Amino acid sequence: MKNYLIIICLLLSGSVLAQTPKFGHVNLEELVHLTSARDSAVVKYQKAMADMQEIYDEIQTEYRVKLNEFQQRSAGWTAAILEVKQRELVEMQQRLEAYGESAGQELQVLQNSLFAPVFTQANEAIQKLAKELGLIYVFNSAGVIYIDEAQSINLMDRAKEALKVPAEKVSPTIIEP
């Protein structure tokens, strides 16, 4: 009788555990895309990118002007002037390439510094929710092919609340190739 009672208790506790999902999922990229922190980071990034592009365009315009002058007037120049002007063009082209490379690197560093805190904030909100719900795993549903909604808790709405995403803000349409 005692063995039956233990078996019944184990079966009942197993069925209770089986009914409580211990897995969660959220589309992290979509969640981050909806946050105001990301919007602010995008504005700062686009401003920096526009500023750098403006400088690049100025250097490129200056180079094209000098190149056109060289092409139009080089036939009448002496060898010494021709050499100086060629060197000047090569230096300008190198400066343009160097600026393009350094601007690209700066933008990458800026992007990392602006967006890392946004992802950290989203991750922390998801971890807090997972602990509150007693979940053992939370999957990023962006890369998951199938999710059984009965076995996994969708954390998106709760995470949006935790990150104070306005209700009227809609998820982006993501078009995959």
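Visitor: Leaving aside its neighbours within four places in sequence, which residues is Ile 126 in contact with?

Guide: Welcome! Please keep in mind that this is a predicted model. In it, Ile 126 touches Val 26, Leu 28, Leu 31, Val 138, Leu 155 and Ala 159, once its neighbours within four places in sequence are set aside. The word "contact" applies because heavy atoms lie within 4.5 Å of one another.

Visitor: What makes a group of residues a nonpolar core?

Guide: The members must be buried residues of nonpolar types such as Val, Leu, Ile and Phe, joined through side-chain atoms within 4.5 Å. The largest such core here has 30 residues. Ile 126 is among those with the most contacts inside it, together with Val 26, Leu 31, Phe 115, Ala 122, Leu 155 and Leu 163. Helices α2 (28-34), α3 (36-73), α4 (79-133) and α5 (156-162) each supply at least two residues.

Visitor: Which helix gives the most to this core?

Guide: That is α4, with twelve residues. Apart from this core lies another, of five residues, including Tyr 63, Phe 70, Leu 89 and Met 92. As a general idea, nonpolar side chains in soluble globular proteins tend to be buried together.

Visitor: How do you know that the length of α3 agrees with what a helix should span?

Guide: We can compare two values. At 1.5 Å a residue, the 38 residues of α3 should span 56 Å, and its end C-alpha atoms are 55 Å apart, so the two agree.

Visitor: Which residues of α3 are called buried, and what do they pack against?

Guide: They are Ala 41, Val 42, Tyr 45, Ala 48, Met 52, Ile 59, Tyr 63 and Phe 70. These buried residues pack against α4.

Visitor: Why is the pairing of Arg 95 with Glu 62 called a salt bridge?

Guide: Their closest N and O atoms are 3.6 Å apart, and the limit is 4 Å, so the pair qualifies.

Visitor: What makes Arg 95 count as partly exposed?

Guide: Partly exposed residues fall between the buried limit of 20% and the exposed limit of 50%. Arg 95 has 42% relative accessibility, so it counts as partly exposed. Glu 62, at 37%, counts as partly exposed too.

Visitor: How do you know that the side chains of Glu 88 and Lys 66 meet in a salt bridge?

Guide: The distance from N to O is 3.2 Å, which passes because the cut-off is 4 Å. With Glu 88 in helix α4 and Lys 66 in helix α3, the pair ties together parts that are 22 residues apart in sequence.

Visitor: Why are Glu 69 and Arg 73 said to be separated by about one helical turn?

Guide: They are four residues apart in helix α3, and therefore about one turn separates them. In general, an α-helix has 3.6 residues a turn, so residues three or four places apart point the same way. Glu 69 and Arg 73 also form a salt bridge, with their closest N and O atoms 3.0 Å apart.

Visitor: What makes Lys 164 count as exposed, and what is its phi?

Guide: Its relative accessibility is 69%, so Lys 164 counts as exposed, the cut-off being over 50%. Lys 164 is found in the segment after α5. Its phi is positive, about 55°, although Lys 164 is not a glycine.

Conventions:
Residues numbered from 1 in each chain as written. Predicted model: local features only at pLDDT ≥ 70, side-chain atom pairs only at ≥ 80, totals over all residues. Heavy atoms only, no water. Buried < 20%, exposed > 50% of the residue type's maximum accessible area, 1.4 Å probe, protein only. Expected span 1.5 Å × (residues − 1).
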